[in-house]
Structure formats: structure tokens, C-alpha cells
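This report covers sheet pairing and helix packing. Please have the model open while reading.

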Amino acid sequence: MPVRGWKRIVLKVGSALIAPSADGCSTRYLLSIARFIAECRAAGTEVVLVSSGSVAAGRNAISFKQLPLPINIKQAMAAVGQSRMMACWAQLFDFDCAQVLLTHDDLKDRRRYLNIDNTLRTLLANQVLPIVNENDTVATAELKVGDNDNLAAMVAILADADALLICSDIDGLFNANPRTTPDAKLIPLVEHITPAIYAMAGGSHHAIGTGGMATKIQAADKATKAGIDTLIINGQKATTFDELLADRHCGTLFQRQQERISAKKHWLRHNLKPQGSIVVDAGAALALQQRGASLLPSGITATAGHFDKGDAVLLQTEAGLTLAQGISQYSALELAKIRGAKSQQIASLLGYCPSEVAVHRDDLALFETTTPA
């Protein structure tokens, strides 16, 4: 039967496990991870691997020692390291592997997003292991997801996974930093991710890694809200994977939430970077939150930022609380001309009327709680 009842998992492995010395690939920790993947597949559990490590894998090929690494140096290292990293994984398996390179643009574009989904499903249906990584060779700051923890959560949602496993170099989430606090205690179960949980996180201490416990909690937050159990586990210990295969608890389990929302709503909420914001009046805020309405021009009091039609925008109250994120049917300049107007006045004000709403309810994802802007 599938491992622990999971039919499909996304497993994220970071640079600290791929390249422990931050200077080329090593199989030191990967052997036990590869065995776990193989046994999962043999038991009927599909696996998607999200693997960091291209920069670390190619670092010793580029002569540059100063930190932080400039973007062009990172891209050059990644260009060398991608093939090294794939070769390192491929030598550990007796089945085919496929490289899937993504940027943030691929995930925020609805058509590309669906193409990625179709590719992953086709690979899995043909018993090929997808190995996903951010395309560091070409990605610039504005194109990057930023870290592979959050990328893994996005992939887990996209692939409709049952579980997201995030490998770390510690046993899970502790109530204090276990490296500096000897009596720090592991938290085995997190039912709800609260500000107190985020407060326990720290940054990355690894020379190459871009994530830390904070990004792992962010990833868990995204995944659990999509109905996906999330585990933070110690990828350096072979016994971790023995425990998982034996259906024994290990690491920190972030429990999935009971209600799931649609994949499109998650795409709207988590995969798009807002290019500006729209301020709405009290009546519009009430209609959005309680009646599931679209946003009409009449409810808009102001805009901020330079956004175009089709861009993602935040919807905020006049008090500065963020209500939702959606796709604007108009540019900021157009909304400045029609804000406060009735829908039937749009044509006379602009000379055209492509839509009677500013943000359609189907292109809008409400946040569960309002947050300060």
C-alpha cells in the first residue's frame, strides 16, 4: 500500500544536503534520501523531488570567493551546477529522472502554470521522477520565487499532493534555537500556524542556502491551507526515513486544514506578486467579505502603484487592512478615471467598457484574516 497512506508526495531537499561543504555535490546524505524515494515508488506512492543545489554544485567551477555572490556569478555557477546536480541524482536511481526548471513567471502565468501541471502528471504517469528546481541560470530578483521551500509548497499545491516533506539539517521545529539553547524542545505537532510559531523561526546559517526555518514555516502555511500535510524532518539522519517508512512519527507535522479551496484561489493568493493596490470603501469591503461579490468601480476610493490590466493587485480598506488579492480588469490610470463611478458610466468616462467590474470575484482570493498593509 502507499507509504503512510500518501498517494503523492513532494519531497524538498536543500543545498545543505546536496552540497554539505558548499563546494560541489556529495552523496553523503543523498543515499538514504534516494532509498526512501525508491521505496516510496515501490509501495505505490508517487514522488516529486524539489532539489536545491545548482549554485553549490557548480561553485568550484567558477573562480569567485567573496560573499555575497553577485547575481551573474550565481547564474554562471548554476549553469555548471544544474547538470552536475542532475547527474548526482540520476546515478542513485535505476529509473528515469526528468529536470523541470521553473521561474516565478512560470507559476504566475495561468497558461504556463497549467502546462507545468500537465507535464508533471505525464511524467508521473510514465514512472519518471520529476526533479524540480528554480531556474537560477536565468532568474533575476523579480523573476525568482526566492527559495525552494516556498517553491516546493507551490509545486505540492499544483501537483495536488497529499503531503509535503521538507528536509532540514535539524529534527524539526523547536521552541528555541537548538544550536544555541541546549534544552530546546522539539514541537512534534502544529495544528495551526500562528504568529507565535513564526516567532520560533530563524534564518539560514548555511553558506549557500537561501532558506531557513522561516521559509519552511511559510511553505507549511501555504501547503496546509491547501489541505496538504507538511512535515519538516532531518534529512541528515538515515533513521528519519526508516521512521517514515515504518509509519512512525518523526520531525514536526504541520496538520492540514480541514477545508480546501480551489487550486485557482491558491494560485491567485500565493503565486502572483502584486503590482499595486486598490483601496475600497466600507460598503465594497463588506460586499467582498460577506457576499462574495466582485469589486465594482463605485467601491474604489484610491489606487497605489503602476499596474496594468491583468496584473495582480491587493485590495485594501481605507484603514490599511488587506482583504484580498485579485487580477485587475483595468490599469491604475484607468481606475483613477472611473473610481467611484457606476458601471454604466465607464464607457462615457473612458470611451470603452471591456468590463463592468474592476476585479471579478472569480479572479479574487480573500485572505482569511485582514492584515496591516
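## Strand β4 and its partners

In β4, Asn133 is the bridge partner of Leu101. Strand β3 (residues 97-102) runs parallel to β4, and six bridges pair them. Two strands count as paired if DSSP finds at least two bridges between them. Strands (E, at least two residues) and helices (H or I, at least four) are DSSP runs, numbered from the N terminus. Strand β2 (residues 46-51) also pairs with β4 in the parallel sense, over two bridges. There, Val50 stands opposite Val132 of β4.

This is a predicted model, where local features need pLDDT of at least 70, side-chain atom pairs count only at pLDDT 80 or more, and totals for chains, interfaces and linings use all residues. Residues are numbered from 1 along each chain as its sequence is written, and side-chain values use heavy atoms, with hydrogens and water left out.

## Burial of β4

Is β4 (residues 129-134) mostly covered or mostly open? Mostly covered: six of its six residues are buried. Buried means under 20% relative accessible area, with a 1.4 Å probe and protein chains only. Both faces are covered. Leu129, Ile131 and Asn133 lie on one side, and Pro130, Val132 and Glu134 on the other.

## The whole sheet

The open sheet has eight strands with mixed pairing. Their order is β3-β4-β2-β1-β5-β7-β8-β6. β3 and β6 (189-190) stand at the edges with a single partner strand each, so one side of each has no neighbour in the sheet.

Strands β7 (residues 229-234) and β8 (residues 252-254) run antiparallel, joined by three bridges. Leu231 stands opposite Leu253 in β8.

## Helices α2 and α10

Helix α2 (residues 30-42) packs on helix α10 (residues 238-245) at about 15°, with axes 9 Å apart. Axes are lines fitted to C-alpha atoms, for helices over the stretch in contact, and angles run from 0 to 180 degrees between N-to-C directions. The two helices are therefore roughly parallel (under 35 degrees). Ser32, Ile33, Arg35, Phe36, Glu39 and Cys40 of α2 meet Ala238, Phe241, Asp242, Leu244 and Leu245 of α10. Contact means heavy atoms within 4.5 Å.

## Helices α6 and α7

The axes of α6 (residues 110-125) and α7 (residues 148-158) come within 10 Å and cross at roughly 75°. These helices are therefore roughly perpendicular (65 to 115 degrees). Tyr113, Ile116, Asp117, Leu120 and Arg121 of α6 make the contact with Val155, Ile157 and Leu158 of α7.

Notes: Buried means under 20% relative accessible area, exposed over 50%, partly exposed in between (1.4 Å probe, protein chains only). Angles under 35 degrees count as roughly parallel, over 145 as roughly antiparallel, 65 to 115 as roughly perpendicular and the rest as oblique.
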